[in-house]
Amino acid sequence: MQIRKKSDIQTGVNDKATEQQETTRDLVNYLIFLDGIFVTNLNESEYQFDLAGFTPGQSYALGVKAAYEGGNSDLVTIDWTLTSTGKDDIVPVVTALNGNYPNPFNPETRISFGLKSAGQVTIYIYNAKGQRVRELINSEMEAGNHSVVWDGKGESGKAVKSGVFFYRMKTNRYTSTKKMILMK
């Protein structure tokens, strides 16, 4: 057994602390890679990046390197599969005309709706007399959440007068009509 003096032990501790200080580096940011290709930098307060352009169901290799002053860490990768990019990827349980926002509106409003299954969809705007003012949608659409903007104009492209209007959505098995108000 070797016995060391207290001063020798203290010196050894100080040497280790000094060594750690010398090897400590300041973090600059994180380097993000996707399938081995550099994508973006994230600073230390950011923890997310945009998933636009990614395909649900597709597998990816996500890599991260810590970038320090004077060098980078090793690349750490994980394999993952994107399951959803948000609420628009979720297929509604029922087909529904959800409403418009804002209401009352000026000069435009967004009408949102959900489709349980793909099919033909029409959305028309009618005035208070029941006359058709504008066709917004008349096409085949995929299942999912959708929206369309009405700019307050009729078929001719001219702005309509203030008042109460109705928007009607029709599919093969669903029809619904809701009221909105245009205020100028």
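Me: Which residues form a nonpolar patch on the surface?

Reply: This is a predicted model. In it, the patch is made of Val-164, Ile-181 and Met-183, and together they have about 220 Å² of accessible area.

Me: Where is Val-164 placed, and is Val-164 buried or partly exposed?

Reply: Val-164 sits in strand β11. Val-164 has 33% relative accessibility, so Val-164 counts as partly exposed.

Me: How many helices and strands does the protein chain have, and what pattern do they follow?

Reply: There are 1 helix and 12 strands. Along the sequence the pattern reads α-β-β-β-β-β-β-β-β-β-β-β-β.

Me: What share of the residues counts as buried, and what is the accessible surface of the chain?

Reply: The chain has 184 residues, and 27% of them count as buried. The accessible surface comes to about 12,800 Å², with 49% of that belonging to carbon and sulfur atoms.

Me: Which residues touch the most other members in the largest nonpolar core?

Reply: A nonpolar core joins buried residues through their side-chain atoms. The largest one here has 20 residues, and Phe-113, Ile-125 and Trp-150 touch the most other members. Two or more residues come from each of β7 (109–115), β8 (119–127), β9 (132–141), β10 (144–150), β11 (163–170) and β12 (175–182). Strand β9 contributes the most, with 4 residues.

Me: What is Ile-125 in contact with, leaving aside its neighbours within four places in sequence?

Reply: The list includes Ile-111, Leu-136, Trp-150, Phe-165 and Met-180.

Me: Which residues does the second, separate core include?

Reply: That core has 6 residues, among them Leu-34, Tyr-60, Leu-62 and Trp-80.

Me: What share of the contacts with a separation of 6 or more joins residues 24 or more positions apart?

Reply: In this chain, such pairs account for 51% of those contacts.

Me: How many salt bridges are found in the whole structure, and which side chains meet there?

Reply: Side chains of opposite charge can pair when their charged atoms come close. The search of the whole structure finds 1 salt bridge. The side chains of Asp-151 and Arg-134 meet in it, at 2.8 Å from N to O. Asp-151 lies in the loop between β10 and β11, while Arg-134 is in strand β9, and the two are 17 residues apart.

Me: Is Asp-151 buried or partly exposed?

Reply: Asp-151 has a relative accessible area of 29%, so Asp-151 is partly exposed.

Note on methods
Residues are numbered from 1 along each chain as its sequence is written. This is a predicted model: local features need pLDDT of at least 70, side-chain atom pairs count only at pLDDT 80 or more; totals for chains, interfaces and linings use all residues. Side-chain values use heavy atoms; hydrogens and water are left out. A nonpolar core is a set of buried Ala, Val, Leu, Ile, Met, Phe, Trp, Tyr and Cys residues joined through side-chain atoms within 4.5 Å. Buried means under 20% relative accessible area, exposed over 50%, partly exposed in between (1.4 Å probe, protein chains only). Contact means heavy atoms within 4.5 Å. Patches are made of residues with over 30% relative accessible area and no salt bridge: like charges are joined within 9 Å, nonpolar side chains (Val, Leu, Ile, Met, Phe, Trp, Tyr) within 5 Å. Accessible areas come from the Shrake-Rupley method with a 1.4 Å probe; for residues, only the protein chains shown count as cover. A salt bridge is a side-chain nitrogen of Lys or Arg within 4 Å of a carboxyl oxygen of Asp or Glu.
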